[in-house]
Amino acid sequence: MKQVVQNYKSGELAVLDVPVPGCKPGGVLVRTSYSLISTGTELMKVSEAGMSMVGKARSRPDQVAKVMQSVATNGLPATYRKVMGKLDSYTPLGYSLCGVVEQVGAGVDDVKVGDLVACAGNEHALHAEVNWVPRNLYARVPEGLAPRHAAFGTVGAIALQGVRQGGPQLGEVALVIGLGLIGQLVVQLLAAAGVRVVGADPDPARCALAEGLGAVACGDPGSAVVENAVAELTDGHGVDQVYLAAGGDSNQPVELAARLCRDRGRVVDIGKCRLDLPWNAYYEKELDVRFSRSYGPGRYDPEYELEGRDYPIGYVRWTERRNLACFLDLAARGRVDVEPLVSHVADFADAVETYRSLEEGGLKAVAVLFRYPEAAAETEKPVVAVPEVPRVSRGSAAKPAVRAGSPVRLAFVGAGNYATSMLLPHLADREGVELSAVVTTTALSAANARHKFGFARATTDLDAVLGDDAVDAVFVVTRHSSHAELTRKALLAGKAVFVEKPLALSGDELAGVLAAVEESGNDRLQVGFNRRFSPLLREAKERFGARTGPASLRYLVNAGRLEHGSWYLRQNSEGSRFAGEGGHFVDTASWLLDADPVSVYAVATPGNEDLQVVLGYPDGSTATIGYVTTGAPGFPKETLDLVGDGKVLRLDDFVRASVHGKKRWVSSRLPKARDKGQNAELAAFVRAVRTGGPMPVPLESLVATTAATLAVRTALAGGVPVTLAGTP
């Protein structure tokens, strides 16, 4: 088998052919699927190995002390031979992986051959194709948790043990200093425990990532952002706990902890940072300084780790194995999301190049995974099911049409910024439309919408509006996490429904909407995919004409950075930014290509900030959507090119369009404003409600677009194209 090793004397990294370990009693033989590079601990070892002998000595004074003791006891020549022999040997790397049980040793009865397990230990969970792992250093992976996510088990257990040492309680405020891999996990674990978290790190990208994963605010340790956030959240008292997850030689983390911690607060050291405690600061506040020892109780105890002797749960509730299992359970239930932390997935064969790229700074990463040959083979053909759209007869529960001469009566659920700026201005004065009711969760926002747009009534009672026979259609314009459920309720109430994107944030939510269609017989649904209604884009498509062969489409979305506090950052509850916005661009591409996608592939930069999504279509056409947040603010937000049959269609941010072919067409003049189709879309929806005719976009297309958008997450997780089952 192959294994990653390093010579500590020369610094050489290599992938060696070594014998497969034997399966000893009390453990299992595991064939690795994914192993995780600890970009902190492992890179520190790799960096130290490249130092001179003097540099090595300076970096490890603890080992120098042992050498000096050996000299005093055994003499210089014997000590020299011993030290040089140890340095000039290959040592392993790695301590966190996921794999499949290949053989079970005597005395093991809690797993069987073929089970998926997560493994820990810097002697047993190595970057190697096969490892022998003792009983207390593995845990079975829960159903539904992807192997690449289970590979985070060890670092997750380290973060979890650190949080346990802090003893957080509901409603407390914590500061996490250092937002690397461990710090990002600590942020999520604290947020899951009901703690409000402030993060500190000099890297703006890591700060943005932590905010997206649950932190209230993050900033540079030396900036006013962190201190102001702490002051605001704690009424000036200081945080209840500080978690030191930083490394390096600076004493700034320890000093910052003292400054921002409350009287008698707790400071927990998880990482390996400098700890020159400023005595006065820590004494005056009587701060409780605690250390977190790796994965938890049992660590460094050979009877526990090697001989499998567990600690009684009544005396030691959370051992390192129980911490490992607990973290896997949290990840499986979605309480912790490790996917945004995956910066890069490398084939195991490229291990040496990957380490070098990390060390030299060419690859900047929070977490890097090695994918082994067995895992690559297993993930070749992932499939995402597209739910079948129920067949609905026209004798449905929904009102087929509005009585002649009567206005179309609309109710709005939600009256936020998008509703009041992009939808209601087009409806307020539209002939034949009556704004019947507006429903919001707060009384004042409902009253403001009523005053501004002339709603007949304002209320916070959703059920009363859905039960009102005088309401013909309901607009759902709320936060993303509520779209599917509110749409389902409105369909069951027999209303025509206009829901802003996204229709759903998960496959289960999408299936729930379609179940409501089937149960009610009501398929009167429109999702706010407005770009296909843009007059400029529609004219450009008409000028482009019909196609006879496959086409290529490129769609660049210069989305830009999110503002601090944006609810788009709440990925755990509101879904990712692309899950919320991406449907717009998938729908536009599918409309231009006259088909629904059959495959999805996606890659991303660290933290999933910039995405490249490639859609495949039945006739061989492809659409590449570049969704980027790191571009220049002054560059147009949306540019699009469609190429096929010797023709090119170009759209520049809904301001200008052109078609190049046998004849050249360029839009005649610049419009006064970008028309992205909202007005025409609303007109088409109102017309369909009034006449009982087909909805502007077929339900099959809405479902296919939503399924493709959701499949981007699956494609990112697997690193291979995803097939959309059920598409033509």
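Analyst: Happy to! One definition first: a residue is buried under 20% relative accessible area, exposed over 50%, and partly exposed in between. Please keep in mind that this is a predicted model.

User: Thanks! Why is Leu 277 called partly exposed?

Analyst: Its relative accessible area is 41%. You will find Leu 277 in the loop between strand S13 (261–269) and helix H11 (279–285).

User: What makes Leu 277 part of a nonpolar patch on the surface?

Analyst: Leu 277 forms the patch together with Val 289 and Phe 291, and their accessible area together is about 260 Å².

User: How do you know that Glu 339 counts as buried?

Analyst: The relative accessibility of Glu 339 is 4%. The cut-off for buried is under 20%, therefore Glu 339 counts as buried. Glu 339 sits in the loop between helix H13 (320–332) and strand S15 (342–347).

User: And what makes the pairing of Glu 339 with Arg 148 a polar contact?

Analyst: The two side chains come to 2.9 Å, and the limit for a polar contact is within 3.5 Å between N or O atoms. The pair with Arg 148 therefore qualifies.

User: Why is Ala 717 called buried as well?

Analyst: Ala 717 has 15% relative accessibility; buried means under 20%, so the label applies here too. Ala 717 belongs to helix H25 (residues 699–718). Leaving aside neighbours within four places in sequence, Ala 717 is in contact with Arg 148, His 149 and Glu 339. Ala 717 and Val 603 are 114 residues apart in sequence, with 9.3 Å in space from C-alpha to C-alpha.

User: How do you know that strand S3 and strand S5 pair?

Analyst: Pairing takes at least two bridges. Seven bridges join S3 (residues 27–37) to S5 (residues 96–104), and these strands run antiparallel, so they count as paired. One of the bridge partners is Val 100 in S5, facing Arg 31.

User: Finally, how much of the chain counts as buried?

Analyst: Of its 728 residues, 52% do.

Methods. Residues are numbered from 1 along each chain as its sequence is written. This is a predicted model: local features need pLDDT of at least 70, side-chain atom pairs count only at pLDDT 80 or more; totals for chains, interfaces and linings use all residues. Side-chain values use heavy atoms; hydrogens and water are left out. Patches are made of residues with over 30% relative accessible area and no salt bridge: like charges are joined within 9 Å, nonpolar side chains (Val, Leu, Ile, Met, Phe, Trp, Tyr) within 5 Å. Accessible areas come from the Shrake-Rupley method with a 1.4 Å probe; for residues, only the protein chains shown count as cover. A salt bridge is a side-chain nitrogen of Lys or Arg within 4 Å of a carboxyl oxygen of Asp or Glu. Helices (H or I, at least four residues) and strands (E, at least two) are DSSP runs, numbered from the N terminus. Buried means under 20% relative accessible area, exposed over 50%, partly exposed in between (1.4 Å probe, protein chains only). A polar contact is a pair of N or O atoms within 3.5 Å; within protein, one must be able to donate a hydrogen and the other to accept it, and residues adjacent in sequence count only if both atoms are side-chain atoms. Contact means heavy atoms within 4.5 Å.
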